[in-house]
Amino acid sequence: MIIEWNAHIFSTDTDRYPFHERAAYEPREEMRFDDPLGDYISRMEEEGIDRAVLVHPEPYGDDHRLALDCVAARPDLFKTTALFYPKDDAAPAKLKALVAEHGESLVAFRFHAHEGKREYLDSFRDPNVRELWKTAGELGLIIELHIGPDYSAQATELAREFPDFTVLVDHMAEAKFGSAPEFSDTIRMSELDNIYMKLSGLNHYATDEPLYESVIPFSRWVADSFGPDRMVWGSGTPAIVDTHLAHWSEDDRSKVKGGNLKRLLGF
């Protein structure tokens, strides 16, 4: 089974699905579709993707209607993620309410903290961030981290404090936004069994699409640190896994393409 965890769904219907007043960005016109779910299902068929986690995108803030409507339309194919603002004191209660109503559709709560996205939180050591992390984990959600390397050490502290909560780091921790010593903190995250890493966002590092072979030395270093049982593919074509991890067995590459997520998410 091939499972993608990265797709962002955007609609042209901004009356029904308006962008949030605190949106970190607005998607380009070419990213918006009249039938965004149908468009993505076509992509799944082209790439041989069996299931997907639709990542609730930042432009909609804490309004989850579009992603939830997509999951409700095809619950056999999709799950989604949640986003609330850590600086909002009511965020833990809002997350509990969302899970109470839509728990079957949700698999993760996503934190954002990297260059260009620092408005969400100041530090993972803030009490409100810790409370939201604790709430998400106790609700059975994966802690998804869209972070830069400069936040890796702080996030590791919480992952160590709550070892029963699964943590998933997006896009190889956006390495371009940190120093080499800071990225060593990212690699050290692999020492904790509850932290997983996504082989995703390669277009953030290189332009030689579709396989981004120029960054293979880097992606292999990260993947070898975490190992085949804690790597997850997330964006582009699943052929990226075969190209970047050609030194791994077919069985191990299958884990990255979807086997690990099937185990974690119950697809």
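Predicted model: local features only at pLDDT ≥ 70, side-chain atom pairs only at ≥ 80, totals over all residues.

Colleague: Why is Glu144 called buried?

Modeller: Buried means under 20% relative accessible area. Glu144 has 0%, so Glu144 is buried. The residue sits in strand 5, which covers residues 142-147.

Colleague: What makes the pair Glu144 and Trp5 a polar contact?

Modeller: The cut-off for such a pair of N or O atoms is 3.5 Å. The side chains of Glu144 and Trp5 are joined at 3.0 Å, within that cut-off. Trp5 is also among the residues in contact with Glu144 once neighbours within four places in sequence are left aside; others include Val55, Thr81, Phe109 and Leu168.

Colleague: What makes Arg28 and Glu30 a salt bridge?

Modeller: The rule asks for a side-chain nitrogen of Lys or Arg within 4 Å of a carboxyl oxygen of Asp or Glu. For Arg28 and Glu30 the N to O distance is 2.7 Å, so the pair meets the rule. By this rule the count comes to 23 salt bridges.

Colleague: Is Glu30 buried or exposed, and how do you know?

Modeller: Exposed means over 50% relative accessible area. Glu30 has 54%, so Glu30 counts as exposed.

Colleague: Why is the salt bridge between Asp150 and Arg118 said to tie together parts of the chain?

Modeller: The side chains of Asp150 and Arg118 meet at 3.0 Å, N to O. Asp150 lies in the loop between strand 5 and helix 5 (152-161), and Arg118 in the loop between strand 4 (106-113) and helix 4 (127-138), so the pair ties together parts that are 32 residues apart in sequence.

Colleague: Why are Asp150 and Arg118 called partly exposed?

Modeller: Partly exposed is the range between the 20% limit for buried and the 50% limit for exposed. Asp150 has a relative accessible area of 25%, and Arg118 has 30%, so both values fall in that range.

Colleague: What makes Glu157 and Arg125 a salt bridge?

Modeller: The closest N and O atoms of Glu157 and Arg125 are 2.7 Å apart, and the limit is 4 Å. This pair links distant parts of the chain, with Glu157 in helix 5 and Arg125 in the loop between strand 4 and helix 4, 32 residues apart. Glu157 has a relative accessible area of 37%, so Glu157 is partly exposed.

Colleague: Which features are listed for the loop between strand 7 and helix 7?

Modeller: Tyr212 is found in that loop. Tyr212 has a positive phi of about 55° and is not a glycine. At 9% relative accessibility, Tyr212 counts as buried. Pro210 lies in this loop too, between strand 7 (195-199) and helix 7 (216-226).

Colleague: Why is the peptide bond from Glu209 to Pro210 listed?

Modeller: Most peptide bonds are trans. The bond from Glu209 to Pro210 is cis, with omega near 5°.

Colleague: How do you know that Ser235 is buried?

Modeller: Ser235 has 9% relative accessibility, under the 20% limit, so Ser235 counts as buried. Ser235 lies in the loop between strand 8 (231-233) and helix 8 (239-244). The side chain of Ser235 reaches the backbone nitrogen of Gly201 at 2.8 Å.

Colleague: Where does Ser235 stand in relation to the largest pocket?

Modeller: Ser235 is one of the residues nearest the centre of that pocket, along with Asn6, His8, Met31 and Asn203. The pocket holds about 1000 Å³ of space. Its lining of 31 residues divides into 11 nonpolar, 10 polar and 10 charged.

Colleague: Which residues line the largest cavity?

Modeller: Ala7, Ile9, Leu54, Val55, His56, Pro57, Leu66 and Ala67 line the largest cavity, which has a volume of about 30 Å³.

How values were computed
Residues numbered from 1 in each chain as written. Heavy atoms only, no water. Helix = DSSP H or I, 4+ residues; strand = E, 2+ residues; numbered from the N terminus. Buried < 20%, exposed > 50% of the residue type's maximum accessible area, 1.4 Å probe, protein only. Polar contact = N/O pair within 3.5 Å; in protein donor to acceptor, adjacent residues only side chain to side chain. Contact = heavy atoms within 4.5 Å. 1 Å grid on protein atoms, 1.4 Å probe; cavity = no way out; pocket = protein on both sides within 12 Å on 5 of 7 lines; lining within 4 Å. Points joined across faces, edges and corners; volume = space filled by probe spheres on them. Nonpolar A, V, L, I, M, F, W, Y, C, P; charged D, E, K, R; others polar.
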